[in-house]
Amino acid sequence: MVLVVDALDPKDKASVTRPEPLPSLAGAGRGELCAALTSVGVPDKQLRMRVNQLWSWMYVRGVPSFDAMTDVSKDLRARLAERYSLDRPEIVSEQVSQDGTRKWLLRLRRSGTEVAAPEIETVYIPESDRGTLCISSQVGCTLTCTFCHTGTQRLVRNLSADEIVAQILVARDRIGDWPDAVAPDDGRLLPSTERKITNIVLMGMGEPLYNFDNVKAAMAIASDGEGLSVSKRRITLSTSGVVPEIARWGGEAQTMLAISLHAVRDDLRNELVPINKKYPISELLDACRSYPGLSNARRITFEYVMLKGVNDSLADAKALVQLLKGIPAKINLIPFNPWPGSQYECSDWEQIERFAEVVNKAGYASPVRTPRGRDIFAACGQLKSESLKIRASARGGSVTQSGTAGSGQGA
């Protein structure tokens, strides 16, 4: 059974008059907290201490309101609450798969001249000894990868740093991943580890290197040892190949790197991943070879979606091995997850195993990624679009694409 929780129908919400929401500090960095405290009259000499207090309450304990900050004076809490909140993005729907995968459709606040509040999806993938959170960096995507549903939908805008961090807060709220929090009582898989979110992957919708500064700022908050404290070795950025930004990311952000490769020839990759026309395979792999900190202990992951009769021959497998020669690498083989209107099919399982055997014999770890969350359209490449169709069908209406998109095949 799939568990589904839906929020109010948007038509019902439209009839409810609400005051304009206060700006939220959920996901804010230290500089933003300092500015907020200054705006409510905190003296300069107290700012550092007060920022550290708020930081700990927000990112260690995960409190959703200023009232819970018991070591902050009541007067300061009241002044903060008059101007700000700690509200998370609105959860439009929550779905829990048979295999424990959890997917949240989140509605962001409108920004600038946006007519409608944009929506994104965030996916949590639990295993017995770890939990991976797949987060988005853009509303929609500029890329048009033909095997990915996201590629059929346009870019709306970049996510701000706080909107990226807020996805982590929502997930930790919902799975009880704060000190003394209660885990959901739905009988679905959660890791046996103390921390339920052990890994973060920037593999949701959007190309993170096209939102470099906001993603970098968000991951600095996520990896801060006095707050959310996710090790940079457990944060992975996935890119389709924005070559000029790869070395910069490694030097400045120092996280793990994943490359959405998917083909071993430029002509085919031009079709599957059109950014290849600008940055061909040779340039992409040169950037990988010079990635800062690259070593056998800090390998690059290459993602390779298995498309029947397109890129799954044994000749392709042998060419892949030759291409990556000399690069400390792991190769993730991803069974294609079909979506309505797709021109591709998933490779036969026997062919995937033969492909993996060639790669393994060459000395590369090449796990075949088990599809997760297919029953709730949370598998790689299946996200937002299907959620829109399901919600519209449930209301008996049609879908108008707002430009928001789903995850790429990397999730």
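**Reading the labels**

Mentor: Gladly! Start just after α11, where G363 takes a positive phi of about 100 degrees. Keep in mind that this is a predicted model.

Trainee: Which residues of α11 are buried?

Mentor: Those are Q351, I352, F355, A356 and V359. Looking down the axis of α11, you find its buried residues within an arc of 135 degrees, so they line one face of the helix. They pack against β11 (300-306), α10 (314-323) and β12 (329-335).

Trainee: What makes R248 and D213 a salt bridge?

Mentor: The cut-off is 4 Å between a side-chain nitrogen of Lys or Arg and a carboxyl oxygen of Asp or Glu. For R248 and D213 the N to O distance is 3.0 Å, which is within 4 Å, so the pair qualifies. This pair links distant parts of the chain, with R248 in helix α7 (residues 243-252) and D213 in helix α6 (residues 212-223), 35 residues apart. By this rule the count comes to 22 salt bridges.

Trainee: D316 forms a salt bridge with R265. Why is D316 called buried?

Mentor: D316 has a relative accessibility of 8%, and since buried means under 20%, the label follows. The closest N and O atoms of D316 and R265 are 3.7 Å apart. D316 lies in helix α10 and R265 in the loop between β10 (256-260) and α8 (266-272), so the pair ties together parts that are 51 residues apart in sequence.

Trainee: Where do D286 and R289 lie?

Mentor: Both belong to helix α9 (residues 281-289), 3 residues apart, about one turn of the helix. Residues three or four places apart point the same way because an α-helix has 3.6 residues a turn. D286 and R289 form a salt bridge, with their closest N and O atoms 3.8 Å apart.

Methods
Residues are numbered from 1 along each chain as its sequence is written. This is a predicted model: local features need pLDDT of at least 70, side-chain atom pairs count only at pLDDT 80 or more; totals for chains, interfaces and linings use all residues. Side-chain values use heavy atoms; hydrogens and water are left out. Buried means under 20% relative accessible area, exposed over 50%, partly exposed in between (1.4 Å probe, protein chains only). Helices (H or I, at least four residues) and strands (E, at least two) are DSSP runs, numbered from the N terminus. The arc is that of the directions from the helix axis to the C-beta atoms. Contact means heavy atoms within 4.5 Å.
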